[in-house]
Amino acid sequence: MNENCCRKQSPKNLPLACEAARARAGELNSISEYLYLSIMFAEAFPELSGYFEKLSMEEMHHHRALGELILRLGGDPAERSTVRNSGGINLCQDCDSRAPVAATRALKNNIVGERKDCENYRRLAAIAERCGDVSAATLFSKFAADEARHAKEQEKMLK
Ligand SMILES: [Fe+2]
Ligand SMILES: [Fe+2]
């Protein structure tokens, strides 16, 4: 029998599992937002579109790892979030002049989001450390570094 079937939610693990579930909902949103941007910029900026797709895959790995962590902590990694994209990109008319403005706006929004995610994972790493969960702390620290890199890479694209 799968040992996960016998796992009971421990009250000790609950706050960390809840934090991981919230972060995981954010990852799902990031996956969807980067895919949305990848689709919208595919024609005007194929390289940028490919980069957004790559980021969405990286966020997918975060999403999966957080699901595995929630399971280890005794929770159910079933997703119950509502995904929302920024929307509002319209490049149908006058693509040449609209696309650079829309891309700049998307990059700026993404940088703000990535910085927030980085801060949040640093906070979660500190919580996990206080709980004595070294592997969760290591995971959150790695994610904080990933989100910081995502912000830096997009900052470079704005220059
Ligand atoms: Fe992420
Ligand atoms: Fe990210």
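Me: What makes Lys159 exposed?

Reply: Lys159 has 4 other C-beta atoms within 10 Å. Lys159 lies in the segment after H4. From Lys159 to Val83 it is 30 Å in space, C-alpha to C-alpha, and 76 residues in sequence.

Me: What should I know about the model and its numbering?

Reply: This is a predicted model, where local features need pLDDT of at least 70, side-chain atom pairs count only at pLDDT 80 or more, and totals for chains, interfaces and linings use all residues. Residues are numbered from 1 along each chain as its sequence is written, and chains are lettered from A and ligands numbered from 1 in the order in which they are written.

Me: Why is Cys131 called partly exposed?

Reply: Cys131 has 15 C-beta neighbours inside 10 Å. Cys131 sits in the loop between helix H3 (95–130) and helix H4 (134–158). Pro15 is 116 residues away from Cys131 in sequence, yet 9.7 Å away in space, C-alpha to C-alpha.

Me: Which secondary structure does the chain have?

Reply: Four helices and zero strands. Helices (H or I, at least four residues) and strands (E, at least two) are DSSP runs, numbered from the N terminus. Along the sequence the pattern is α-α-α-α. The C-alpha atoms fill a box of roughly 60 × 30 × 20 Å along the principal axes. Of the 159 residues, 29% count as buried.

Me: Why are H1 and H2 called roughly antiparallel?

Reply: H1 and H2 pack at about 160°, with axes 8 Å apart. Angles over 145 degrees count as roughly antiparallel, under 35 as roughly parallel, 65 to 115 as roughly perpendicular and the rest as oblique. H1 is therefore roughly antiparallel to H2. Axes are lines fitted to C-alpha atoms, for helices over the stretch in contact, and angles run from 0 to 180 degrees between N-to-C directions.

Me: How do you know that H2 and H4 are roughly antiparallel?

Reply: Their axes cross at roughly 165° and come within 12 Å. That angle puts H2 and H4 in the roughly antiparallel class, so the label holds. Leu55, Glu58, His62, Ala65 and Leu69 of H2 make the contact with Ala136, Leu139, Phe143, Asp146 and His150 of H4. Two residues are in contact if their C-beta atoms, placed from the backbone, lie within 7 Å.

Me: What makes a set of residues a nonpolar core?

Reply: Its members are buried Ala, Val, Leu, Ile, Met, Phe, Trp, Tyr and Cys residues joined through C-beta atoms within 7 Å. The largest here has 18 residues, and Ala20, Leu69, Ile70 and Phe140 touch the most other members. Helix H1 (14–40), helix H2 (46–72), H3 and H4 each supply at least two residues of this core. A second, separate core of eleven residues includes Ile31, Leu37, Leu55 and Ala103.

Me: Which residues does Leu69 touch?

Reply: Ala20, Ala136 and Leu139, leaving out residues up to four places away in sequence.

Note on methods: A residue is buried if 20 or more other C-beta atoms lie within 10 Å of its own, exposed if 12 or fewer, and partly exposed in between; C-beta atoms are placed from the backbone.
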